[in-house]
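Here are some notes for your read-through of the model.

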Amino acid sequence: MVHISEIGQIFREEYGRSVAVLVRVLGSIDAAEDAVQDAFTEAVARWPDAGLPPSPAGWIITTARNRAIDRLRREASGREKLARAALLHGDERGDEPEGIDVDTVEDDQLRLIFTCCHPALNGAAQVALTLKLLGGLSTAEIAHAFIVPEPTMAQRLVRAKGKIRDAHIPYRVPSGAELPERLKSVLAVVYLVFNEGYAASSGAGLVREDLCREAIRLGRLIMELMPDEPEAKGLLALMLLLNARRTARTSSDGGLVLLADQDRSLWDSDLIAEGQLLVRECLKRNQPGPYQLQAAINAVHSDTAQPADTDWRQILALYGQLMAMEPTPVIALNRAIALAEVEGPAAGLAAVDVLELGNYYLFHAVRADLLRRLGRDDEAVAAYRAARERTDNDAERDFLAARARALTTTGPGAAAPTSDDPHGR
């Protein structure tokens, strides 16, 4: 007997591969999604009694193709659709669908990822489509991640797919000069998915484990499909090293725990080992990029069992390299934290105060922490409150409120916890 939950897990794992193959075969995202959904509906009806087929992925893809043929025949209104159905049909099918080599679907997935991340689509649409088509997340799950009503997200997905169709966005991997910039977009989308899972922008919980897992799965896929791209390897290493700390980042009641206060025995040693191995492989390539440098920074943190042993000078040097590549205010804010550990909180505060990040809650949180360490309690309280007003995540709001409250009731305490980035992760 096959339990429905097991079929659901297979659905999540195989949805993206199946849709990718069917988009190539059918030339339509909507038709591919409908066909794959039909196949899973049939799986739910058959597998509990018949058991899993030898290749669930092959069964799903072949059955989806056959359902698409049936749909085309029912809806055919002219020679073109009938010819299309005949072309798709190929060999006569039996009771156990076979005939598609699932080992060849990797290229289809890669093409679909680049289609989802085409620059003609805005960033939010790129993330949503990637989650839907490659990750197999439901519209409701994606709506939850974006904190919008499900009907709103459904309309966004419809518009995005319509734009791909109407603009004739090609279903292919870019070549030549196009590839570096397009790959950058793909990696950025995957990292956005991970960040929303790792530090949820709103809601009660700090972490969305489902989004973290999905981003890492997509990161593995991209690295496998493009093994010669060091930044793909760097992104996967970064996500693994950050995710290794996930269990230690929250207390038993869901509260936020900063990096310096985390129980490092709770860190996932297997993820750390894998991430560090990838970082070493990147270093051998000697083609540094932003994701590789961020991964290297987090590898330094994972090298030490005690926060006091952290090599902040090495981290500061790595942030210097990262700033040379991507001189953004957020990276400068992260660098200021490392600077404060090397040269003291006054130097860190001076570096923070020149940044134009007034609407970014972490700017105020970092500034508050440095002011607290300098004994400027009233200013620190005001900064903590400013940070709290700029985040919608309950765990972060509670943490910032507790910091402000501690200063107004007990005065300055011990030196503040430090982190490799403002999230304290």
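1. Start with the second largest pocket, where α8 is the main contributor to the lining, giving three residues. Bear in mind throughout that this is a predicted model.

2. The lining of that second largest pocket has 13 residues in total, and those nearest its centre are G27, S28, I29, I164 and R165. Helices α2 (29–50), α5 (106–116) and α8 (150–166) supply at least two lining residues each. The space in the second largest pocket comes to about 290 Å³.

3. On charge pairing, side chains of opposite charge can pair when their charged atoms come close. The structure has 18 salt bridges. One of them joins R17 to E14, with 2.9 Å between the closest N and O atoms. Because R17 and E14 are three residues apart in helix α1 (residues 4–26), about one helical turn separates them.

4. Which residues form a negative surface patch? D253, D392, D394 and D398 do. Patch members have no salt bridge by the criterion used, so D253, D392, D394 and D398 are to be read apart from the pairs in point 3.

Methods:
Residues are numbered from 1 along each chain as its sequence is written. This is a predicted model: local features need pLDDT of at least 70, side-chain atom pairs count only at pLDDT 80 or more; totals for chains, interfaces and linings use all residues. Side-chain values use heavy atoms; hydrogens and water are left out. Patches are made of residues with over 30% relative accessible area and no salt bridge: like charges are joined within 9 Å, nonpolar side chains (Val, Leu, Ile, Met, Phe, Trp, Tyr) within 5 Å. Accessible areas come from the Shrake-Rupley method with a 1.4 Å probe; for residues, only the protein chains shown count as cover. A salt bridge is a side-chain nitrogen of Lys or Arg within 4 Å of a carboxyl oxygen of Asp or Glu. Lys and Arg count as positive and Asp and Glu as negative; His and the chain ends are not counted. The place of a charge is taken as NZ of Lys, CZ of Arg, CG of Asp or CD of Glu. On a 1 Å grid over the protein atoms alone, a cavity is a set of points where a 1.4 Å probe fits but cannot get out, and a pocket is an open set with protein on both sides within 12 Å along at least five of seven lines; lining residues have an atom within 4 Å of a point. Grid points are joined across faces, edges and corners, and a volume is the space filled by probe spheres set on the points. Helices (H or I, at least four residues) and strands (E, at least two) are DSSP runs, numbered from the N terminus.
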